[in-house]
Amino acid sequence: MKGGWIVGGIIMIVVGVFLLFTIICAILGILLGIIGFIMVLYGLVASDEPAQTVVYQYPPPQYQQPYQPQYQQQSYASSPPPAPSPSSAVKFCPKCGAQNQSTSAFCGRCGERFA
Ligand SMILES: [Zn+2]
């Protein structure tokens with residue numbers, strides 16, 4: 001008699017585990033279906049969001065453009081003015097050594113005439 005109880009109990013355990021497994025599969029299926037439905041709705045609604053993201057993508061290039069001219073201005077302001085302008089626009093008097101503009105014909109200090 002005890003063997004019949006044991007076999008019956010094992011069968012009930014197996015069937016119960018199977019039913020529990022099927023219930024878990026059903027719950028997972030319901031969850032996956034809900035998640036998939038939400039993803040589909042999000043995909044349909046998200047079609048309007050790319051326009052917002054594109055609007056947000058425009059400001060960064062505008063911020064990057066001001067920085068590039070600044071670097072170019074710094075490069076132009078640092079390299080050319082020190083070297084060429086003083087040497088070309090300034091002329092030293094051969095008599096007293098005073099600085100004079102290259103366009104001036106006479107020395108501003110001693111009045112020496114430049115050649
Ligand atoms: Zn002079």
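How many residues does helix α1 have, and what distance does the helix reach from its first C-alpha to its last? In this predicted model, helix α1 covers residues 2-45, which amounts to 44 residues. Its span from first C-alpha to last is 63 Å, close to the 64 Å expected at 1.5 Å a residue. The helix is hardly covered, for the count of buried residues among its 44 residues is 0.

Of the 115 residues in the protein, 1% are buried. Among contacts with a separation of 6 or more, residues 24 or more positions apart account for 0%.

The confidence of the prediction should be kept in view. The mean pLDDT of the protein is 78, and 63% of the residues score at least 70. Among the elements, α1 has the highest mean pLDDT, at 93, whereas helix α3 (residues 59-78) has the lowest, at 55.

Is Pro94 buried or exposed? Pro94 counts as exposed because it has 10 C-beta neighbours inside 10 Å, and a residue with 12 or fewer such neighbours is classed as exposed. Pro94 can also be placed relative to Phe114: the two residues are 20 positions apart in sequence, and their C-alpha atoms are 8.2 Å apart in space.

Notes: Residues numbered from 1 in each chain as written. Predicted model: local features only at pLDDT ≥ 70, side-chain atom pairs only at ≥ 80, totals over all residues. Buried ≥ 20, exposed ≤ 12 C-beta atoms within 10 Å, placed from the backbone. Contact = placed C-beta atoms within 7 Å. Helix = DSSP H or I, 4+ residues; strand = E, 2+ residues; numbered from the N terminus. Expected span 1.5 Å × (residues − 1). pLDDT = per-residue confidence, 0-100.
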